[in-house]
Amino acid sequence: MRSVFDAMDGDGDGALRETDFEALARRWAAVRVAGDEERLLAVMRGWWDTLAVHSRTADAVLIDDVLAVVDLLDGMPDAVIATADTMFEAVDEDGDGLVSLAEYQRMIEAWNGGGPADVGDTFALLDLDGDGVISREEFAAHWYEFWAGDDPEAPGSRIFGRVPG
């Protein structure tokens, strides 16, 4: 969770602000083929709105605020899967109902500040049936594992790429 928070904290000040979410959406749009920035901004603003409601600070979300929301998610499977569906649609650039290695790589590069990322091993781990793509169902299962699960060895724990270490 910390690595995702840090990747989203664009200015490194230890707090997420609405501008961090917008910057992430713009980084993501910049590395995409289609580049539909408004759709990505809408996804990121939705995340901001959800976290901001639970924040103890008016204009910022701290790691403790994120963790407090995450603690609620195992009791909200429908909300987690709905978010997974929205995110899946944003990652599935060509709308074919599958996430390719290239689409997944562009998402991870955006999260990591726009630089190149080696995602082959992680993608293979997430591609449960080994067919070379991540289906909507696979993505949703991994998304739920990341946000609401408690097994650090589960494939979904790596949906945002390799944990630095």
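The questions and answers below treat aromatic pairs and then a helix.

Guide: This is a predicted model, in which local features need pLDDT of at least 70 and side-chain atom pairs count only at pLDDT 80 or more, while totals for chains, interfaces and linings use all residues. Residues are numbered from 1 along each chain as its sequence is written, and side-chain values use heavy atoms, with hydrogens and water left out.

Visitor: How many aromatic pairs does the structure hold?

Guide: Rings of Phe, Tyr and Trp (its six-membered ring) pair if their centres lie within 6.5 Å, and planes under 30 degrees apart count as stacked, over 60 as edge-to-face and the rest as tilted. On that basis, the number of aromatic pairs in the structure is 11.

Visitor: What kind of pair do the rings of Trp47 and Trp147 form?

Guide: Their centres are 6.0 Å apart and their planes stand at 80°, so the pair is edge-to-face. Trp47 belongs to helix H3 (residues 37-53) and Trp147 to helix H8 (residues 136-148), 100 residues apart, where helices are DSSP runs (H or I, at least four residues) numbered from the N terminus. Both Trp47 and Trp147 are buried, that is, under 20% relative accessible area with a 1.4 Å probe, protein chains only. The geometry asked for is therefore edge-to-face.

Visitor: What distance does helix H2 reach from its first C-alpha to its last?

Guide: Helix H2 (residues 18-31) has 14 residues, and the expected span is 1.5 Å times one less than the number of residues. That expectation is 20 Å, and the helix comes close to it, reaching 21 Å.

Key. Helix = DSSP H or I, 4+ residues; strand = E, 2+ residues; numbered from the N terminus. Buried < 20%, exposed > 50% of the residue type's maximum accessible area, 1.4 Å probe, protein only.
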